[in-house]
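Here is a friendly note to read alongside the model. Please keep the viewer open and follow the points in order.

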Amino acid sequence: LKVVLATRNAGKIKELNALLAGLGVTVVGLGEFPEIGEIPETGTTFLENARIKAWAVAKATGLVSLADDSGLCVDALSGAPGVYSARYAGENATDAANNDKLLTVMAHVPEGDRTCRFVSVVVAADPDGRELTAEGSWEGRVAFAPAGDGGFGYDPLFFDALAGKTAAELTPTEKNARSHRGQALAKLVEKWEDWRGK
Ligand code: ITT
């Protein structure tokens, strides 16, 4: 089975490839379908946006498609940046700009109030009309300064108290074993064979 990843985020592509390795599917990227342009993420929830991306790509390619919509939800910011995590510092903002904005906004928030979580909702869409969804989350704290150079996005600012490190200081294998995306994919993989009707 050929599965197309409905994402243009290089960090996600790496992680999803590793997480899907045991599934026995051939994973292809959007690079093979240059005719698919920008997909407007007009939803207000992770599930809505993941469904928008998964269905747009399944319909355009005729293949089973897999989308992830994810973000960082900070308690002191009432859940922001949430679904707007990729564009926190503006449309097409860099990871560095988003991290700078988060650090600035959180500058005076004390240690105990810096709780946050990464959330990932994954949706697999079959062009025959069926979908499969799963969700994962990862609890942490917003660090006072960036640390580590692994991962992507907000990883240098996401401190995992259990690991005693930021997400960017974990190896890819360590991150996938505990991350929101790792947990969402583990649940998806568990339901996969039933969904495919095998
Ligand atoms: P696609 O829509 O093409 O998949 P995107 O980056 O726009 O790429 P989202 O709309 O789901 O994807 O935004 C997710 C953002 O949340 C991402 O850009 C990061 O800033 C942040 N994020 C999600 N998962 C993360 C992770 O594992 N580590 C660090 N930051 C993460």
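In what order do the seven strands of the open sheet stand?

1. The order is β2-β1-β3-β4-β5-β6-β7, with mixed pairing. Strands β2 (26-28) and β7 (165-166) stand at the edges with a single partner strand each, so one side of each has no neighbour in the sheet. Two strands count as paired if DSSP finds at least two bridges between them. Strands of a sheet pair through backbone hydrogen bonds, either parallel or antiparallel.

2. A word on what you are looking at: this is a predicted model, in which local features need pLDDT of at least 70 and side-chain atom pairs count only at pLDDT 80 or more, while totals for chains, interfaces and linings use all residues. Residues are numbered from 1 along each chain as its sequence is written. The protein chain averages a pLDDT (the predictor's confidence in each residue, from 0 to 100) of 97, and 99% of the residues score at least 70. The model scores ipTM 0.99 and pTM 0.97.

3. Now the parts list. The protein chain has five helices and seven strands; these are DSSP runs numbered from the N terminus, with helices being H or I of at least four residues and strands E of at least two. From the N terminus on, they run β-α-β-α-β-α-β-β-β-β-α-α.

4. Next, follow the antiparallel pairs. β3 and β4 (residues 115-125) share ten bridges in the antiparallel sense, and here Cys73 stands opposite Arg117 in β4. β4 and β5 also pair in the antiparallel sense, over eleven bridges, with Trp138 in β5 as the bridge partner of Phe118. Their hairpin has five residues between the strands, and Gly129 there takes a positive phi near 110°. Two bridges join β5 to β6 (residues 158-160), again antiparallel, and Arg141 stands opposite Phe159 in β6.

5. Two helices lie across the sheet strands. Helix α5 (residues 180-196) lies across β3, β4 and β5, at about 160° to β5. Contact means C-beta atoms, placed from the backbone, within 7 Å; axes are lines fitted to C-alpha atoms, for helices over the stretch in contact, and angles run from 0 to 180 degrees between N-to-C directions.

6. Finally, look at the ligand. Among the 23 residues around the ligand (C-beta atom, placed from the backbone, within 6 Å), Thr7, Asn9, Ser85, Ala86 and Gly153 come nearest. Strand β3 (residues 64-74) gives the largest share of this shell, five residues.
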